[in-house]
Amino acid sequence: MTRPYPDLRRLQHFLAVADAGGFTRAADQLHLSQQALSSSIRQLEKELGVTLFKRDGRRITMTTAGAQLRQEGRPLLAAAHTVADHVQRTATATSKAYVVGHTPALSSVEVYELLEPAIDAFPGQSFTFRQMFPDQLSPAILDGSIQLALRRGVVPSDELATAVIGYHPVRVAVRTDHRLAQQPVVDIADLAGELITLWAPPGSSYYSDLLLGACRRAGFEPDYVVSRVQGAATVVAPLTTGSAAFVTHPAGRMLDGRVVVLDLLPSLLVPAQALWQRHTHSAIRDLLVARG
């Protein structure tokens with residue numbers, strides 16, 4: 001018996017209807033008649049042997065099968081576009097830059113260090129690093145504008161494949177006039193009562209939750225503020241807020257000596273998580289994941 005699989009064009013039509021919440025808007029976006037779009041969806045339902053939408057006059061409601069297809073169909077369609085692009089580039093012997101998106105929590109130096117094994121292993125390949133906010137990463141991977149995303153944390157994704165490819169030690173940055181600045185090492189318990197800068201509110205960031213959890217294990221509830229200068233290197237936070245900040249920069253003085261980065265005890269490692277399109281192949285990515 002032949003196993004059913006979705007026609008990719010009809011899958012694109014289905015996702016348009018699901019995202020638009022109706023046939024009228026989706027038909028306009030696709031430059032199709034509503035009749036042609038409706039026929040395409042019915043053919044897709046016939047191919048899969050399921051009902052994707054419950055229809056009540058002009059109103060439609062997605063079924064549980066439809067919700068499942070929406071969740072798994074988007075990465076499948078993205079992968080199909082990527083496969084086609086790879087095949088065309090192979091046939092014409094052309095290449096493009098391997099674009100890596102990363103959140104501000106990872107510095108460009110840290111990204112380079114994580115990518116360095118692949119940069120060395122593929123001397124004919126060009127690479128581009130692009131700083132992006134966390135909520136921009138998944139859409140950019142799915143539309144193919146970046147090939148790999150890096151962020152702090154170990155957060156599962158319904159749409160993307162993920163793996164940890166490295167760890168960085170967490171340290172503490174303070175202004176040089178801070179009471180802790182002259183200590184060679186800071187015990188995390190010394191931060192009790194100190195204002196601490198975070199880059200995203202707790203509950204919306206694995207990295208923030210990890211840092212606050214470390215404080216709580218040390219026996220205190222941290223007082224925190226969210227940075228008002230988003231996208232900047234984390235080490236600038238003491239200058240903009242006057243607070244302490246958890247960073248992954250090397251120990252020592254920075255920013256013309258105005259900030260000092262101190263080692264932290266007990267040691268705390270934060271992971272760097274890679275995200276990419278499912279159902280795709282990349283020798284660069286495979287090397288990085290294997291080394292992670």
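In this predicted model, D190 touches R179, L180 and Q183, leaving aside residues up to four places away in sequence. You will find D190 in the loop between β8 (185-187) and β9 (195-198).

**More about D190**
- D190 is partly exposed, because its relative accessible area is 28%, a value that lies between the limits of 20% for buried and 50% for exposed.
- The C-alpha atom of D190 is separated by 9.4 Å from that of A218, a residue 28 places apart from D190 along the chain.

**The five-stranded sheet**
- An open sheet is formed by five strands, in the order β4-β3-β5-β14-β6, and its pairing is mixed.
- The edges are taken by β4 and β6 (160-169), each of which has a single partner strand, so one side of each is left without a neighbour in the sheet.
- From one strand to the next, the twist averages 25 degrees.
- Strand β3 (residues 98-102) pairs with strand β4 (residues 127-131) in the parallel sense, over five bridges.
- To get from β3 to β4, the chain passes through helix α5 (residues 108-121), and this β-α-β crossover is right-handed.
- Strand β6 and strand β14 (residues 269-277) run antiparallel and are joined by nine bridges.
- A pair to look for in this case is T162 with its bridge partner L275 in β14.
- Helix α7 (residues 206-217) lies across β5 (148-152) and β14, and runs at about 160 degrees to β14.

**Two helices that cross**
- How do two packed helices get described? The angle between their axes and the distance between the axes are used.
- For helix α1 (residues 8-20) and helix α3 (residues 34-48), the axes come within 9 Å and cross at roughly 115 degrees.
- α1 and α3 are therefore roughly perpendicular to each other.
- The crossing of α1 and α3 is left-handed.
- On the α1 side, the contact is made by R10, L11, H13, F14 and V17, and on the α3 side by L37, S40, I41, Q43, L44 and E47.
- In an α-helix there are 3.6 residues a turn, so residues three or four places apart point the same way.

**Helix α6 and what follows**
- Which residues in helix α6 (residues 134-142) are buried? They include L137, A140, I141 and L142.
- After α6 comes G144, which has a positive phi, near 85 degrees.

**Backbone details in the loops**
- The peptide bond from L265 to P266 is cis, and its omega is near -10 degrees.
- P266 sits in the loop between β13 (259-265) and β14.
- D256 has a phi near 60 degrees, a positive value in a residue other than glycine.
- The loop that holds D256 is the one between β12 (252-254) and β13.
- Is D256 buried or exposed? D256 is exposed, because its relative accessible area is 78%, and over 50% counts as exposed.
- H279 also has a positive phi, near 65 degrees, and is a residue other than glycine.
- H279 is found in the loop between β14 and α9 (283-291).
- With a relative accessible area of 56%, H279 is exposed.

Notes
Residues are numbered from 1 along each chain as its sequence is written. This is a predicted model: local features need pLDDT of at least 70, side-chain atom pairs count only at pLDDT 80 or more; totals for chains, interfaces and linings use all residues. Side-chain values use heavy atoms; hydrogens and water are left out. Helices (H or I, at least four residues) and strands (E, at least two) are DSSP runs, numbered from the N terminus. Buried means under 20% relative accessible area, exposed over 50%, partly exposed in between (1.4 Å probe, protein chains only). Contact means heavy atoms within 4.5 Å. Two strands pair if DSSP finds at least two bridges between them. A crossover is right-handed if, with the strands pointing away from the viewer, the path from the first strand over the helix to the second runs clockwise. Axes are lines fitted to C-alpha atoms, for helices over the stretch in contact, and angles run from 0 to 180 degrees between N-to-C directions. Angles under 35 degrees count as roughly parallel, over 145 as roughly antiparallel, 65 to 115 as roughly perpendicular and the rest as oblique. A crossing is left-handed if the near helix is turned anticlockwise from the far one by less than a right angle, and right-handed if clockwise.
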